[in-house]
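Morning, everyone. Let me put the structure up, and then I'll walk you through it.

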Amino acid sequence: MYKYDEYDQRIVDERVAQFADQTRRFLAGELSEDEFRPLRLQNGVYIQRHAPMLRIAVPYGNLNSKQLRMLGHIARRYDHGYAHVTTRHNIQFNWPKLEDVPEILGLLSSVQMHAIQTSGNCIRNVTSDPFAGVAADEIADPRPWCEILRQWSTFHPEFAFLPRKFKIAVNGAKQDRALVQAHDIGLDLVYNEAGELGFRVLVGGGLGRTPIIGAEISAFVPWQQILNYCSAILRVYNLHGRRDNAYKARIKILVKALGVEEFARQVEAEFVHLKDGPSTLTQAEIDRVAGRFDDPVLAPLPQDAGYRAHLAENKAFAAWARRNVRAHRVQGYASVVLSLKPYGVAPGDLTAEQFDAIADLADRHAFGEVRNTHEQNVLLASVREADLFEVWQQARELGLATPNIGLLTDIISCPGGDFCALANAKSIPIANAIQDRFTDLDYLYDLGELELNISGCMNACGHHHVGHIGILGVDKNGQEFYQVTIGGSQGNQAALGKVIGPSFAAAEMPDVITSLINNFIDNRHEDERFIDTVRRIGIDSFKTRVYAERAARLEARETANV
Amino acid sequence: MSDIIKNGLIQSDDWQVLRLAEGEAAADAALPAGRAIVPLAVWQARRDELLPKAEAGVLGVWLAGSEDPFALEADLPLLQLVAVDFPKFADGRGYSIATLLRTRLGYGGELRAIGDVLRDQFFFMLRCGFSVLQPREGKYTTAQLEAALASLKDFTTPYQGAVDRPEPLFRRQPRTPLQKDAA
Ligand code: HEM
Ligand code: SF4
């Protein structure tokens with residue numbers, strides 16, 4: 001985890017004071033609602049269905065046990081005893097009172113946390129790979145770069161009021177786990193032919209109502225220049241992004257309007273003036289930031305015999321290990337994904353007790369640290385193999401050991417109509433209904449990796465476009481309906497799903513998923529994943545199957561009603 | 001007279017901002033008596049007429065968010081006051097325009113923020129090189145404006161370089177590596 005120095009702490013403390021004063025002025029009527037809105041948004045405060053929602057920044061997903069306990073405390077003291085892990089690694093509270101927010105921010109600041117720029121038209125929390133620093137396929141650790149970008153973007157005066165929100169993701173591994181192609185700026189750490197480190201830069205990706213896969217505007221920007229290059233991108237965007245229509249204000253629309261080449265040319269024209277300027281990074285600064293991550297130093301351990309014995313003897317443990325334990329770079333260690341997708345719970349929700357318990361687990365077995373994943377789970381990055389059995393037992397007691405990571409029931413879902421004022425439809429009940437349909441674990445394994453993502457409206461907070469199966473809530477004459485896409489994917493082969501046809505009522509959704517799955521099984525080659533089959537045979541047979549079976553169901557129902 | 005903030009203090013000021021009415025032609029807009037800040041279009045249409053006033057320090061030019069500061073490139077050495085308009089406080093183009101005026105165009109005269117200028121943006125404006133802030137007319141009472149001066153100093157040690165402090169924190173201050181805590 002990155003540890004604050006005095007400057008980091010001071011900036012957060014000063015922000016707490018600033019926001020406390022802004023809130024006071026708002027409550028006293030000195031600031032109008034319109035004037036306060038952008039200020040509170042830049043502190044993560046939305047006004048939602050029930051109460052303000054407070055979104056807390058978890059920079060690139062990293063949390064330590066002290067912070068987890070504080071989140072648990074806040075959930076108990078100021079909320080209804082739970083919080084939500086978002087697809088952008090952050091934590092959201094659904095029920096705090098506006099008057100309490102300054103106090104909550106003060107508590108967060110005491111554990112080196114804040115809610116700065118978690119919403120609003122500014123540079124948002126930088127996201128990355130939860131496996132950073134422990135992944136075997138890592139080219140370079142993205143975390144120090146994320147932290148450098150965090151500091152640079154925090155209260156950047158020139159980019160404090162952009163046309164629209166701005167999201168940056170950094171990937172440092174061969175396999176992209178940070179969705180760099182779906183961000184306003186996606187940065188890929190790469191080595192050039194001379195063996196120098198730099199970034200491949202993508203721009204204009206994003207989901208939302210106009211989903212677009214990002215385009216490369218530079219194959220290699222030397223690491224020293226990355227802040228200068230990002231400044232150039234942001235300046236072009238700040239000056240020329242549309243401000244007349246919020247739906248057309250993201251950078252992707254500007255890139256599309258200008259064309260990627262022209263946009264790249266304008267960025268280059270700015271960059272020549274910024275290159276080698278004062279914001280050029282130095283090796284000393286990189287080393288300093290990297291050095292403030294107090295990562296455990298892990299020496300390889302012999303493979304643990306006890307772990308292997310448990311695997312052989314205990315079927316449930318083996319099932320969990322197969323799905324929720326991931327290889328680690330250092331022999332004798334593993335990474336453990338705690339599933340926040342047990343059946344019947346809102347995907348990504350954690351109770352106050354679970355926050356505390358995860359903190360204890362992390363302290364005992366994972367060097368006091370966890371990471372939030374964009375799939376809305378929690379990762380223990382480094383666990384000794386010898387500890388895995390105990391971790392499993394404890395996680396099971398906490399309801400965090402559902403062995404479904406990467407499977408159909410590991411559903412990504414936005415809060416949807418139960419919480420969100422923008423929703424067309426509910427998401428959580430759909431996720432739960434689908435989970436209820438697929439309870440047989442052996443069957444789920446046999447289906448293999450399958451990502452199902454649900455958003456309650458076209459803002460796409462649940463990343464439905466990049467789900468192998470995507471579900472989108474739509475409004476049909478005031479009724480909640482769901483549109484289904486297939487063939488989307490994240491990662492190196494990022495793709496947007498294709499709509500299979502007219503939308504469905506909520507009650508039909510489990511059957512629709514069953515039809516899709518059955519068509520997959522009938523057409524699958526050996527161990528092919530669902531997405532591979534869709535890529536190979538296209539969506540037509542899926543479409544035909546779904547609507548034929550739906551027609552048959554409707555007919556059967558009518559016959560029964562005669 | 002309006003209140004402005006300059007050098008960290010509230011001062012009263014007699015510059016008048018000329019805004020063209022809807023459909024009014026730049027060529028025949030009536031100039032206010034006394035010191036005036038005119039739109040770029042007026043400056044461009046009547047440069048010869050206005051040049052002596054600019055040189056005498058009684059005429060400045062303001063840029064709208066949509067206007068390119070490079071349009072003033074040749075004239076900047078003659079101008080003692082340039083203003084940038086914030087049509088809405090949440091419209092952040094003025095920050096980039098100010099930055100470009102100061103860094104790329106080397107403008108060293110008075111740079112004034114006009115329009116929807118509110119206290120919660122003061123800090124960012126100063127950082128982008130504005131030397132005078134002219135709060136929205138009628139927005140603050142004298143007491144409120146006094147209190148608003150505190151916003152000039154919302155943050156003492158910003159991370160990134162900007163016009164006011166071109167060097168980022170890591171070049172300005174020694175930042176220490178981690179002291180390994182005793183476990
Ligand atoms: C409940 C309150 C929320 C509101 C009002 C809200 C609102 C929005 C809006 C309006 C957009 C579209 C912005 C655009 O396209 O310019 C958006 C996008 C997004 N939201 Fe939310 N959101 C909420 C909660 C969440 C939660 C809980 C998550 C995570 C689970 C989330 C993750 C995202 C992501 C990842 C995007 C980006 C999609 C893209 O790339 O455009 N949001 N949100
Ligand atoms: S996708 Fe829509 S319904 Fe879901 S959280 Fe985002 S804005 Fe709300």
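How much area is buried between chain B and chain A? About 4100 Å². Carbon and sulfur atoms give 55% of that area. On the chain B side, look for B:Phe155, B:Tyr159 and B:Arg175. Those residues lose the most area to chain A, and together they make up 18% of what that side buries. Keep in mind that this is a predicted model.

Next, charges across the interface. How many salt bridges are there between chain B and chain A? Eight. Here is one of them to find on screen: the side chain of B:Arg119 meets that of A:Asp21, with 3.3 Å from N to O. Polar contacts come to 23 residue pairs between chain B and chain A, both partners at pLDDT 80 or more.

Let's step back to chain B as a whole. Chain B has six helices and eight strands. Along the sequence, the order is β-β-β-β-α-α-β-β-α-β-α-β-α-α. So much for the order; now the extent. The C-alpha atoms of chain B fill a box of roughly 75 × 40 × 30 Å along the principal axes.

Rolling a probe the size of a water molecule over the atoms shows where empty space is left. The second largest pocket holds about 800 Å³ of space. Its lining has 33 residues. Which of them are closest to the centre of the pocket? A:Arg177, A:Arg326, A:Glu375, A:Glu449 and A:Glu451. Two elements of chain A give two or more residues to this lining: strand E10, residues 325-327, and helix H17, residues 530-537. By class, the lining of the second largest pocket divides into ten nonpolar, twelve polar and eleven charged residues.

Conventions. Residues numbered from 1 in each chain as written. Chains lettered and ligands numbered in written order. Predicted model: local features only at pLDDT ≥ 70, side-chain atom pairs only at ≥ 80, totals over all residues. Heavy atoms only, no water. Buried area = accessible area lost by both parts, 1.4 Å probe. Salt bridge = Lys/Arg side-chain N within 4 Å of Asp/Glu carboxyl O. Polar contact = N/O pair within 3.5 Å; in protein donor to acceptor, adjacent residues only side chain to side chain. 1 Å grid on protein atoms, 1.4 Å probe; cavity = no way out; pocket = protein on both sides within 12 Å on 5 of 7 lines; lining within 4 Å. Points joined across faces, edges and corners; volume = space filled by probe spheres on them. Helix = DSSP H or I, 4+ residues; strand = E, 2+ residues; numbered from the N terminus. Nonpolar A, V, L, I, M, F, W, Y, C, P; charged D, E, K, R; others polar.
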